[in-house]
Amino acid sequence: MADADSPYHHGNLREALLARAEAVLATAGADSLSLRALARDLGVSHAAPGRHFRDRQALLDALAVGGFTRLNEGLRAAVEEPGPVTVRLAGMGRAYIDFAVANAPLLSLMFTVKHADDSSAELRELGHQSLRIAAGLIALAQQEGVVRAGEPDRLAQVAFSTVHGLAALAVGSLLEDTPLAEATDLALDVLLTGLAAPRGDAARPGA
């Protein structure tokens, strides 16, 4: 059990549990996660994690919430970068690929938990935010006349499918001899070319 000198004595056990759980997830998968094992790893009593997570599912939900929060922060940072909207669209695509490749087991867990029948409203909202962030930038690009007409949400879904697919290939070591950076540049070039508005098209959102 943790004593008074333990780093978890003053209330940061929840953060420590999540950090350790994410490390286990990355190396051994979600099936290896248990509150009892995490308590043992951290040197605290078996009952201690129960003060923060009622059960294993609550731990998985918290991991997914943290993952979506970090993903959305990365997407927003790309959107808020100065520069042309097309550059920011590409930056948002890179932010997603970087996160997905660096956190593949976590991303898989995020989507699994989000689509569960009993997923929380908070988790569903965070998941939807990712799409809204992308759709908002696409709508802005439409207003500037650089992205084709169409429903921004649907265009955002297609954009996500492109970058998610590339990330999945990278994680599966299926890019053969193509470096990820080069594949990312090519994928984003193809994506932005496909999204581009024809000359003279005002590209009104939802047109």
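A cavity is a set of grid points where a 1.4 Å probe fits but cannot get out, and its lining residues have an atom within 4 Å of such a point. In this predicted model, the count comes to one cavity of 30 Å³ or more, and about 140 Å³ of space lies in the largest cavity. The lining of the largest cavity is made up of 16 residues, and those nearest its centre are Leu89, Met92, Gly93, Ala159 and Leu191. Two or more lining residues come from each of the elements α4 (85-102), α6, α7 and α8 (180-195), and among the contributors to the largest cavity α4 gives the most, with five residues. When the lining of the largest cavity is divided by class, 15 residues are nonpolar, one is polar and none is charged.

Along its principal axes, the C-alpha trace of the chain spans about 70 × 40 × 35 Å.

Pockets, which are open sets of points, were also located. The largest pocket has a volume of about 310 Å³, and of the 14 residues that line the largest pocket, Phe111, Gly127, Ser130, Leu131 and Phe160 are the closest to its centre. Helices α3 (56-79), α5 (104-114), α6 (121-143) and α7 (152-171) are the elements that each give two or more residues to the lining of the largest pocket. By class, this lining of the largest pocket holds six nonpolar residues, seven polar residues and one charged residue.

The second largest pocket contains about 200 Å³ of space, and of the 15 residues that line the second largest pocket, the closest to its centre are Arg14, Asp61, Ala62, Leu63 and Val65. At least two lining residues of the second largest pocket are supplied by each of α1 (13-28) and α3, and the largest share, eight residues, comes from α3. The lining of the second largest pocket divides into six nonpolar, three polar and six charged residues.

Two packed helices are described by the angle between their axes and the distance between the axes. For α1 and α3, the angle is about 85 degrees and the axes are 10 Å apart; because angles of 65 to 115 degrees count as roughly perpendicular, α1 and α3 are therefore roughly perpendicular to each other. The contact is made by Arg14, Leu18, Ala21 and Glu22 on the side of α1, and by Leu59, Ala62, Leu63 and Arg70 on the side of α3. In terms of class, the contact of α1 with α3 comprises five nonpolar, no polar and three charged residues.

Aromatic side chains were examined as well, and the count comes to two aromatic pairs. One of these is formed by Phe68 and Phe111, whose ring centres are 6.0 Å apart and whose planes stand at 75 degrees, so the pair is edge-to-face, since planes over 60 degrees apart are counted in that way. Phe68 belongs to helix α3 and Phe111 to helix α5, and the pair therefore ties together parts of the chain that are 43 residues apart in sequence.

Notes. Residues are numbered from 1 along each chain as its sequence is written. This is a predicted model: local features need pLDDT of at least 70, side-chain atom pairs count only at pLDDT 80 or more; totals for chains, interfaces and linings use all residues. Side-chain values use heavy atoms; hydrogens and water are left out. On a 1 Å grid over the protein atoms alone, a cavity is a set of points where a 1.4 Å probe fits but cannot get out, and a pocket is an open set with protein on both sides within 12 Å along at least five of seven lines; lining residues have an atom within 4 Å of a point. Grid points are joined across faces, edges and corners, and a volume is the space filled by probe spheres set on the points. Helices (H or I, at least four residues) and strands (E, at least two) are DSSP runs, numbered from the N terminus. Ala, Val, Leu, Ile, Met, Phe, Trp, Tyr, Cys and Pro count as nonpolar, Asp, Glu, Lys and Arg as charged, and the others, Gly among them, as polar. Axes are lines fitted to C-alpha atoms, for helices over the stretch in contact, and angles run from 0 to 180 degrees between N-to-C directions. Angles under 35 degrees count as roughly parallel, over 145 as roughly antiparallel, 65 to 115 as roughly perpendicular and the rest as oblique. Contact means heavy atoms within 4.5 Å. Rings of Phe, Tyr and Trp (its six-membered ring) pair if their centres lie within 6.5 Å; planes under 30 degrees apart count as stacked, over 60 as edge-to-face and the rest as tilted.
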